[in-house]
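Please read the following report on how the parts of a two-part assembly meet, with the sequence and the 3D structure open beside the text.

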Amino acid sequence: MLQIILKRLQIAVPTLLFVITVSFFMIRLAPGGPFDSERPIPKEIAENLERVYHLNEPLITQYGYYLWNILHGDFGPSFKYQDYTVSELILQGFPVSLSLGLLALLLALLIGIVLGSIAALRQNSRVDYLVMTFAMTGIAIPSFVIAPLLALFFGVMLGWLPTGGWGSWQQMVLPVISLSLPQIAIVARMTRASLIDTLNSPYMLTAKAKGLPLRLILLRHALKPTLLPIVSWLGPATAAIITGSVIIEQIFGLPGIGRYFVNGALNRDYTLVMGVVIFYGVLIILMNLLVDLVYAWLDPRIRYEE
Amino acid sequence: MKPIKSSLLPLIVCLLSFLFSTTLLATELHRGNGAEPKTLDIHKSSGVPAANIERDLFEGLVIAGADGRLIAGAATTWQVSEDGLRWTFTLRKNSQWSDGSKVTANDFVFAFRRALDPNTGSEYAFILWAIKNAKAISKGNVKSLEALGIKAIDKHTLEITLDHPVPYLPSLLTHSMAYPLPEKVIKTFGKKWVKPNNMVSNGAYTLAEWTPHSHIKLIKNPKFHAAESVKIDTVFYYPTEDSSAELKRFRAGEIDLTDAVPSTEVSWIKKNLAEAYHNPPYIGTYYYAMNLEKAPFANNPDLRKALNLAINREILTDKITKAGEFPTMSWVPEGMNHYKTQRTPDSKLSQKERLEKAKALYKKAGYSKNKPVEIEILYNTSDNHKKIAIAISAMWKQTLGVKTTLRNEEWKVYLNSRTQRQFQVIRASWIGDYDDASTFLDLLRSDIGTMNPSSWKNKTYDSLMKQAETEADADKREKMMQQAEQIMLDDTAIIPIYHYTSKHLVNPKIKGWVDNVMDVHSSRFLSK
C-alpha cells in the first residue's frame, strides 16, 4: 500500500511541473492582457502597471519568478481582484465549493445507487424504464435550465427557499439539488449497468444456488463489485464537483471557486488561472490516488497483482 | 438559585427586547451591483460597481446629489481665479474620518499625490491630468510629488492649480480619483488598507465585511458630518453578473435595487413590474467605427455616409435592445451639463429619404449592387451585439447590396484587435466619465492615440477641441464643442446607433431614488 502511494507521488511532481509550465505559457499566448479594457489606458500608465506586476520582464524570467514564488507557497496577487492574493481567494471560496460539492455528491450517490439498483433488479420492467427515463432527462437537461427553473418555482412562486446567496442551510438546498441532478442520473445508469453485469456473473449463480436470500446476495456479494466503476468515476468527479460549477455559482450568487476557472481565463488574470489550475491538478492527483487505494480494498484481484 | 433567577429575569427580558428592537429598527438596503469590484482602492479601481461602493464610503470635495447634480461635499464652497487656473476650496470644519480624526486639506494633498504617483499604477490617473505637473509626474518625467499643483493653505483650505482652465473641474472631482485618504492608515497597513477593519473612510458608510463573490456589507458611519440624515443603517452590495438571476432575487424580495434587467425580459417587466421599473437616459452611446487607416473607408466619406444612412436604428432599439434606448445619429447623449447635442440635417430626413440618399451616395462612391463593397463587422461575444450585427448587415445588403461577413471575438481578443486596428468595421460603445461633453468629444481627437476608435483625423476638429480645453467661458466653450461635433458627424467619423438608458428595478418601498443621466445613486439619499 505504502509503495503505491510513494510511486504515485513520485509521478505527481513532474506531472504538476508539466501542467504548470504548459498553462503558464498558454495563458500568456492568448491575445490581450489583464489590464486591457474598453477604455485603453495611456501608454505611460500601462507601463507603470506592467512594472508593478513584473510584466515588463522577459517571459522566461517571469516564469522563473513564478516557480520560485510557488515553491514558497506564494501564488501572487490576483490581477483582477487586486485586494486579494490568489491564495486568499481560493481559501475563501473553496470551503463553499467543497461543502456544496460534497453534499451534492452524497445526495447523488444515495439516490443514484438506490435508483440504479431498483432498475437493475427489475430489468426491462416499467420501473426500470421510468428510472432510466429520469436518468436520461437528468443528463440531457443542462443545469443552466434546471437551476433557474428550480429558483423560479421554489423561490419566486412558492417563496419557500431563497433564490440566491450563501450562509444559511436554506440557501444550500436549491444549489445542491441543481448540482446533484445530473450526477444522480450518471450514478443511477452506472449502478444499473454494473449491477446487471454482476448479477449475471457465475459467482452470483453460485450464491443463488446455495439458496441465499436476495438481500444477503446483494449486500455481501454484489455490492462491492458493483461499486467498482462508480469508485473510479468518483475520483475525477469529486475533484470536478468540489472545485465548483461556474453556472450554479453564477445563478445562485455563490462565492465558490468555480467561476475563477472561466472568469480568470477570460480576464487574463494570469496568477488566478495558474492558482486554480495547480489547485485542481493537486486535487485530481490526490483523488485518483485515493480511488486506487479504495479500489485495492474493494477488489482483491488488484491487491494480489500489486 | 431561585432569587438569582428571578432577579435575572427582568434583565434578560430587557436585553432580549432591546436586541429585538434594534434588529427591527436597523434598516437594510440590498443592492444588486453587477460585477464583483476588482478593488476598493480608490486609486486602482475602475468600473461602475466599485464606483458605487466607493461613493458610499468616501466623500470628495464635490459630490453628486440624489439627482446626480453637483452639490457641496467635503468642501462647502469654492472659488476660481479669473484666469480659471487656481481653484480654492474651503473644507467643512466638522468633517471626520470614521476613526474620529479630522478630515483636513492635507488628506486631499496626500491622496492626489498618491493617485498620480507612477508607483501606485492608477488606471484613471488621467482624470487629474489637468492639474499642474500631474501629467509629467504620472509619466515619470517629474520625480518630485511635491511639484503637483495642489497645496494645503491651512487645515481647511485647499488650493488646486491647473495647467489650463477646466470649467468642469467640479464634475471631475466627484470621481473616486479625487477622494481624500488618511495618510496614517495607508502607511500603517500598506496594500491591506482596503480590508474591512483596516479601512478608515470619511463618507456616510464604513466597510464592515467583504466576501468576494458573495457580498460587501457597509454600515452607517456615526462620525459622518451628516449622519443624522442617513436613513439606511446597513447596505449590502451583491455581485449580480447574471441579470436573470438578479431579477429572480428581486422578485423573491431578496434585493431592493437591481443593477440591470435582462433585455429579453423587458416586455414582461413593463407589464408586470411597471411600478418598479426605471428606465431613464444614460450617458453612453452605442456605435460602429470604421477603420479609416485602410481601404475602403479611408478618404471615402460617401461610402461612410451611405452605410450610416442605410441603418434603420428604430428597428434595432424596438426589436433587439428593447429597453427604451434612443435611436441616434448624434455622438454626445442628450442631457449633458451645459451642452446641447448636435443633429445632422440627415437625421431630420424620413427613413425613406435616408435610404434614397444612401443609394445615391453609394453609387457616387463607385459601388453598385453588381459591384458591392465587401465588409467585415467585428463584435465581441454577446447575444445583442450579434443580433445587431446581423440586422445591420441585412439592412446594408437590402438597401445597397453590401456583402457583409461577421466576426466575433472574445472580449480581450476583441480589445487586442481593436488597438491593433485589425478590423474593418467594429462595434463599440462609450460611457462618459464625467458630466461634460468633452468626455465624448475628446475621443475623436487625433492626439488621443488608439482610444480614437476609427483613427479619424481632422485639423479643424482638433484645434476646436484644443481651444475648448483652454476656454474659461462656458457658453463659448459649448459653441466650440458643438461646432466640433457637427464636423465629425458631417464627415461620418463614426456611425452612432443609439444612446443608452439605464435599467433598474427599484423596490417601490424605497424613497429618495431620483433617475439621473449619470446613473449615480448614493445610499445616503435613500430610505425605506
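Across the interface of domain 1 of chain B and domain 2 of chain B there are 2 residue pairs in polar contact, both residues being at pLDDT 80 or more; a polar contact is a pair of N or O atoms within 3.5 Å, where within protein one must be able to donate a hydrogen and the other to accept it, and where residues adjacent in sequence count only if both atoms are side-chain atoms. The side of domain 1 of chain B that touches domain 2 of chain B divides into 5 nonpolar, 8 polar and 3 charged residues, where Ala, Val, Leu, Ile, Met, Phe, Trp, Tyr, Cys and Pro count as nonpolar, Asp, Glu, Lys and Arg as charged, and the others, Gly among them, as polar.

This is a predicted model, in which local features need pLDDT of at least 70 and side-chain atom pairs count only at pLDDT 80 or more, while totals for chains, interfaces and linings use all residues. Residues are numbered from 1 along each chain as its sequence is written, chains are lettered from A and ligands numbered from 1 in the order in which they are written, and side-chain values use heavy atoms, with hydrogens and water left out.

The same interface in chain B holds 1 salt bridge, a term for a side-chain nitrogen of Lys or Arg within 4 Å of a carboxyl oxygen of Asp or Glu. Glu59(B) and Arg524(B) form a salt bridge, with their closest N and O atoms 3.6 Å apart. The domain bounds, which come from an automatic or database domain assignment, divide chain B into domain 1 (59-184), domain 2 (205-280 + 503-525) and domain 3 (282-501).

The size of an interface is often given as the accessible area lost when the parts come together. Buried area is accordingly the accessible area (1.4 Å probe) that two parts lose on being put together, summed over both, and the table lists it for three interfaces.

| Interface | Buried area | Part on carbon and sulfur atoms |
|---|---|---|
| Domain 1 of chain B and domain 2 of chain B | about 1,000 Å² | 60% |
| Chain B and chain A | about 4,100 Å² | 54% |
| Domain 1 of chain A and domain 2 of chain A | about 1,600 Å² | 78% |

Between the two chains, the contact (heavy atoms within 4.5 Å) takes 50 residues from chain B and 46 residues from chain A. In chain B, the residues that lose the most area to chain A are His213(B), Lys248(B) and Lys412(B), together 18% of what that side buries. The interface of chain B and chain A has 3 salt bridges, and one salt bridge joins the side chains of Glu410(B) and Arg268(A) at 3.0 Å, N to O.

Chain A is itself divided into domain 1 (2-71) and domain 2 (94-298), and their contact takes 20 residues from domain 1 of chain A and 17 residues from domain 2 of chain A. Across this interface there is 1 salt bridge, and Arg8(A) forms a salt bridge with Asp292(A), the closest N and O atoms being 2.4 Å apart.

Is Ser78(A) buried or exposed? Ser78(A) counts as buried because its relative accessibility is 0%, where buried means under 20% relative accessible area, exposed over 50%, and partly exposed in between (1.4 Å probe, protein chains only). The side chain of Ser78(A) reaches the backbone nitrogen of Lys80(A) at 3.2 Å, and a polar contact of 2.6 Å joins the side chains of Ser78(A) and Asp269(A).
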